[in-house]
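Subject: A structure for you to look through

Dear colleague,

I am passing on a structure that I have been reading through, and I would be glad if you kept it open beside this message. My notes on what was found follow below it.

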Amino acid sequence: EPTVRVALASARQGRTEPAILTLGRAAERHPDDPVVYTALGRLWLEQGDDEVSVSKALQALQPPAERPDATRETLALYGRALLLSGDTVGAERILQRAATRSPVDPNAYRYLAEAAKRLRHPQIAAHQAIMTKRVVYDRSVVMAFRMQRQLRHGGGFVSLGALHPFRERSV
């Protein structure tokens, strides 16, 4: 959805309110599009953890999160919003669903660990904390492998985070 990409780019440039308005209009035009609602929920969560922002995020994220084909991103964001709203039991249930989606969003494990901790499930909290570290470590290993392979073949990288190959030109 081009509207979603433009709105999220606008928000990254500090123009969050116009981005939210754009996504709100897109949601009116496409009421069944989970991508629009997920993006809208993300922006509301990025606004802060105040009651209004969390409430708006919950309103945007609930419909796509309740779909059987909900994405890991939608579920992780909805779980976070539930956690921020104080619905720890609901957050744990949604985040457990998010943790079953592949590839797993490390935030799902992190938020699930927080929910388990609040619900006094120390073993589950410890396990989810370990899973968060494992997912992040696995991704780091993959990035390092890609960088090493590129360097071996005469390329380099602009930065470790960007992972964009470039070739030096001979003058």
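**What was found**

Ala-26 has its place in helix α2. Please keep in mind from the start that this is a predicted model, and that the values below are computed from it.

Is Ala-26 buried or exposed? With a relative accessible area of 0%, Ala-26 is buried, because a residue counts as buried when that value is under 20%. If neighbours within four places in sequence are left aside, Ala-26 is in contact with Thr-3 and Val-36. Its C-alpha atom is separated by 9.7 Å from that of Leu-40, a residue 14 places away along the chain.

**The whole protein**

The protein has eight helices and two strands, and, when you read along the sequence, they follow the pattern α-α-α-α-α-α-α-α-β-β. There are 171 residues in the protein, and 37% of them count as buried. The protein exposes about 10700 Å², of which carbon and sulfur atoms supply 54%. If you take the contacts between residues at least 6 apart in sequence, 42% of them join residues that are at least 24 apart.

**The nonpolar core**

Which residues touch the most other members of the largest nonpolar core? They are Leu-23, Leu-61 and Tyr-78, in a core that holds 40 residues. At least two residues of this core come from each of α1, α2 (16-29), α3, α4 (51-65), α5, α6 and α7. For Leu-23, again leaving aside neighbours within four places in sequence, the contacts are Val-4, Ala-7, Val-36, Ala-39, Leu-40 and Leu-43.

Beyond its neighbours within four places in sequence, Leu-58 is in contact with Tyr-78, Ala-81, Leu-82 and Ser-85. The C-alpha atoms of Leu-58 and Tyr-78 are separated by 6.6 Å, although the two residues are 20 apart along the chain.

Helix α6, which covers residues 88-98, has as its buried residues Thr-88, Gly-90, Ala-91, Glu-92, Ile-94, Leu-95 and Ala-98. These buried residues of α6 pack against α5 and α7 (106-118).

**The largest pocket**

The largest pocket has a volume of about 200 Å³. Its lining is made up of 14 residues, and those nearest its centre are Pro-34, Val-35, Thr-38, Glu-73 and Thr-74. The elements that each give two or more residues to this lining are α1 (2-12), α3 (34-47) and α5 (72-85), and α3 gives the most, with five residues. Sorted by class, the lining has seven nonpolar, three polar and four charged residues.

Thr-38, one of the residues nearest the centre of the pocket, belongs to helix α3 and counts as buried at 5% relative accessibility. Apart from neighbours within four places in sequence, Thr-38 is in contact with Leu-61, Pro-64, Glu-73, Thr-74 and Leu-77. Of these contacts, Glu-73 and Thr-74 are also among the residues nearest the pocket centre.

Ala-9, in helix α1, is partly exposed, with a relative accessible area of 27%. Its C-alpha atom and that of Ala-19, ten residues away along the chain, are separated by 8.4 Å.

Where does Arg-101 lie? It is in the loop between α6 and α7, and at 22% relative accessibility it counts as partly exposed. Leaving aside neighbours within four places in sequence, Arg-101 is in contact with Pro-68, Ala-70, Arg-72 and Leu-75. Arg-101 and Arg-72 are 29 residues apart in sequence, while their C-alpha atoms are 5.5 Å apart in space.

With best wishes

Key. Residues are numbered from 1 along each chain as its sequence is written. This is a predicted model: local features need pLDDT of at least 70, side-chain atom pairs count only at pLDDT 80 or more; totals for chains, interfaces and linings use all residues. Side-chain values use heavy atoms; hydrogens and water are left out. On a 1 Å grid over the protein atoms alone, a cavity is a set of points where a 1.4 Å probe fits but cannot get out, and a pocket is an open set with protein on both sides within 12 Å along at least five of seven lines; lining residues have an atom within 4 Å of a point. Grid points are joined across faces, edges and corners, and a volume is the space filled by probe spheres set on the points. Helices (H or I, at least four residues) and strands (E, at least two) are DSSP runs, numbered from the N terminus. Ala, Val, Leu, Ile, Met, Phe, Trp, Tyr, Cys and Pro count as nonpolar, Asp, Glu, Lys and Arg as charged, and the others, Gly among them, as polar. Buried means under 20% relative accessible area, exposed over 50%, partly exposed in between (1.4 Å probe, protein chains only). Contact means heavy atoms within 4.5 Å. Accessible areas come from the Shrake-Rupley method with a 1.4 Å probe; for residues, only the protein chains shown count as cover. A nonpolar core is a set of buried Ala, Val, Leu, Ile, Met, Phe, Trp, Tyr and Cys residues joined through side-chain atoms within 4.5 Å.
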